[in-house]
Amino acid sequence: SGTLSVDHVRENGKDVEHRVFGWHINLFDEKVNVAIIIENLSSTTELEVIQRRGTYRVSPNSWGHYDVGLPIAESVLRNALTVSAPVVIQPQSQRILHMFDVPSQQLLGFLYDFTVTSQNKEKPLDYRIRTVVTTGTQSPIAVDPTPVPLDSYATHARGVWEGATIETTLPTYTVGSEPTSYNISNGQTDHYMSVQQALSSPEMTIHNPGHYGAVYRVNVPITSNGITKKTIRLRFSARGGVYCGALRMNGVTYLIPPLEPITQVAYIDYYMWGHQDVITLEFMHAGGSALPLGIEISTIE
């Protein structure tokens, strides 16, 4: 058993929003339990966990793109997360918020949003959120809160960052000009989930250059010299390995199937009237997909 990740929160009279995203493969020869736990460390302040919403999936690892990553990303962008009832955490007590059974050799993916608040805004909040794994009959509550050491070999993203939405505005594209391409979540020019920017301690953090668990909002300003309808084609391609994810545009959510780099693309057309417009694209990269994602903007008529 062990604590996989921890977030110790100390705030003065504030509501704190959380997103907990997990991606865990059970390589034991037996079933394990993975749990999200909240522990109220205050001796006086009662906590309430409200606005609880989330989803999870379990599948063989070889089907992680289809069975786990894409459904989670789609549920987030469609605002289709399952709602859970609020819970109260008494001082000096802890509670399991969610727990998952993971059979041997299976992959678990989960994403849960919730807000931690207190009726008494004058008193500070002091609590800890942990993800833990156990085998056998041991209760997740009893697991040592000290996180297990990071694995220098399996260096998958781990840590705590401030914010779960990333937003950028690209340079203005002029209708009729040459196609223009950009890379997002490239791990270099737009890497917002680094070790340096993490809220967690550096020795307990591995960077998340793919921004897994976050929504990436891309604004594309468009200008045109004409007044007739123009068709803007947005092509999406894998630039580092097999990519898949979910995309929301104009309130509609689409799935980008696994794309092989170099050889495969997905596209969507946007119809523009008038002289100026802004296309807003919201992406969530499905767990297991490779980054960066290429976005090409072009005019097809």
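This is a predicted model: local features need pLDDT of at least 70, side-chain atom pairs count only at pLDDT 80 or more; totals for chains, interfaces and linings use all residues.
Local features were considered only at pLDDT of at least 70 and side-chain atom pairs only at pLDDT 80 or more, whereas totals for chains, interfaces and linings use all residues. Residues are numbered from 1 along each chain as its sequence is written, and side-chain values use heavy atoms, with hydrogens and water left out.

In soluble globular proteins, nonpolar side chains tend to be buried together. The largest nonpolar core in the model has 33 residues; such a core is a set of buried Ala, Val, Leu, Ile, Met, Phe, Trp, Tyr and Cys residues joined through side-chain atoms within 4.5 Å, where buried means under 20% relative accessible area, exposed over 50% and partly exposed in between (1.4 Å probe, protein chains only). Val 218, Ile 222, Phe 236, Ile 279, Leu 281 and Phe 283 have the most contacts inside this core. Two or more residues each are given to it by strands 13 (215-223), 14 (230-238), 15 (243-249), 16 (252-259), 17 (265-272), 18 (276-285) and 19 (293-299); strands (E, at least two residues) and helices (H or I, at least four) are DSSP runs numbered from the N terminus. A second, separate core of 24 residues includes Leu 47, Val 102, Leu 125 and Tyr 127.

Ser 298 lies in strand 19 and is buried, with a relative accessible area of 4%. The side chain of Ser 298 makes a polar contact of 3.1 Å with the side chain of Arg 235; a polar contact is a pair of N or O atoms within 3.5 Å, one able to donate a hydrogen and the other to accept it within protein, with residues adjacent in sequence counted only if both atoms are side-chain atoms.

By contrast, Phe 28 is partly exposed, at 46% relative accessibility. Phe 28 occupies the loop between strand 2 (16-25) and strand 3 (32-40). Although Phe 28 and Ser 104 are 76 residues apart in sequence, their C-alpha atoms are 5.8 Å apart in space. Beyond neighbours within four places in sequence, Phe 28 is in contact (heavy atoms within 4.5 Å) with Ser 104, Gln 105 and Thr 135.

Among the residues that line the largest cavity are Phe 21, Trp 23, Ile 72 and Met 284. A cavity is a set of points on a 1 Å grid over the protein atoms alone where a 1.4 Å probe fits but cannot get out, and lining residues have an atom within 4 Å of a point. Helix 1 (64-77) is one of the elements giving two or more residues to this lining, and its share, 3 residues, is the largest.

How values were computed. On a 1 Å grid over the protein atoms alone, a cavity is a set of points where a 1.4 Å probe fits but cannot get out, and a pocket is an open set with protein on both sides within 12 Å along at least five of seven lines; lining residues have an atom within 4 Å of a point.
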